[in-house]
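Here is a friendly note to read alongside the structure. Please have the 3D view open as you go through the points.

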Amino acid sequence: MDIQMLRERARIIRQVRSFFDLRDYLETDTPLLAPSLIPESCLEVFQTLRLPPAGSRHEERPYWLIPSPEIWMKRLIAQHRTSLYQICKCFRNGESSGRQHSPEFTMLEYYTVGADYRDSLEITEELLSFLLKGTDSPPEISPPFIQLTVEEAFEEWAGFSLFQAARTPGAMEDQARRLGLDPPPGLSDPGLYDLIFIHAVEPRINLARPVALTEYPAFVPCLAKKSGDGKTVERWELYARGVELANCFTEETSALQVRLFFESEKAEKERTALVRHAVDSGYWKIFDTDSPFPPCSGVAMGLDRLIMVLCGRKTLDGVLPFPME
């Protein structure tokens, strides 16, 4: 990386901190190694070991590199009920290094107490406007965002109604084959959704302005709060110049729903994961206390990708100080 890019990267990171500091978010600094993780069947992780002290009779203990600081930040929210942000390294296994991927990357994660996903969308528009202030920025990276529902995106680019297909046994698989995809036998509707989205929808999310894709299907498991219609969850993802930048939820605060998610995803991880990890079976209890977990919304943003897009680069190689080989 050239020295000018290093300076620009540092400037953008300083501006991100300034944005949240001015809004009285507390910056946090949580561990990168965790004894247990939130189970997410769509993610693979890295395992490491902590050796016991010399002379100890305890065995070595596995730890895992975090794919997100969420597991720590939600504990802080439960205890202190305040808005937080963090810039830290995160790690995701099973992903090749490439134009827009790196197994080690920089995450910006921010949680706003008393907010929902719509509030977070406004905050994220304000963040980009703040970072672009005083620059001659092209419209494809400038707010306001275009907002499309997942249903609208499937109708536009995959040529069918997602929710209608999900109600009809076999319809999702039929649509995948119509699109020239070859799903493996027995693939679930969430798996078929991912297959169609990745190959038929996501490559086309490259419009004249950043796109916030909203109202994700509730049959795809995540820790977002369900919408009133029961079919969708309060979630959006942000794309600019065709690059996925951020993922946002109105956070699920029901202890029961968090426990059920953990149990379901843990079972799926044990069945399919390349690297299994420990799951804290009591994590749901932070949502079931005398002082209930506050309503809040969280955004996870790939900071390397954001810098790449803001600087007009097409790959991460020019943005990462030391790209992975």
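Predicted model: local features only at pLDDT ≥ 70, side-chain atom pairs only at ≥ 80, totals over all residues.

1. How does the radius of gyration fit a compact globule? For 325 residues, such a globule would have a value near 20 Å, and the chain has 20 Å, so the two agree. If you like to picture dimensions, the C-alpha trace spans about 65 × 50 × 45 Å along its principal axes.

2. Now look at the inside and the surface. Of the 325 residues, 47% are buried. The chain exposes about 16,100 Å², and carbon and sulfur atoms supply 49% of that area.

3. Taking contacts between residues at least 6 apart in sequence, 68% join residues at least 24 apart.

4. How many aromatic pairs does the structure hold? There are 13. In one of them, the ring centres of Phe 20 and Tyr 85 are 5.1 Å apart and the planes meet at 25 degrees; the pair counts as stacked because planes under 30 degrees apart are classed that way.

5. Where do these two residues sit in the chain? Phe 20 belongs to helix α1 (residues 3–22) and Tyr 85 to strand β5 (residues 84–91), so their pairing ties together parts 65 residues apart in sequence. Both Phe 20 and Tyr 85 are buried.

Technical notes. Residues numbered from 1 in each chain as written. Heavy atoms only, no water. Rg over C-alpha atoms; globule rule 2.2 N^0.38 Å. Buried < 20%, exposed > 50% of the residue type's maximum accessible area, 1.4 Å probe, protein only. Contact = heavy atoms within 4.5 Å. Areas by Shrake-Rupley, 256 points an atom, 1.4 Å probe, with all protein chains shown as cover. Phe/Tyr/Trp six-rings, centres within 6.5 Å; stacked < 30°, edge-to-face > 60°. Helix = DSSP H or I, 4+ residues; strand = E, 2+ residues; numbered from the N terminus.
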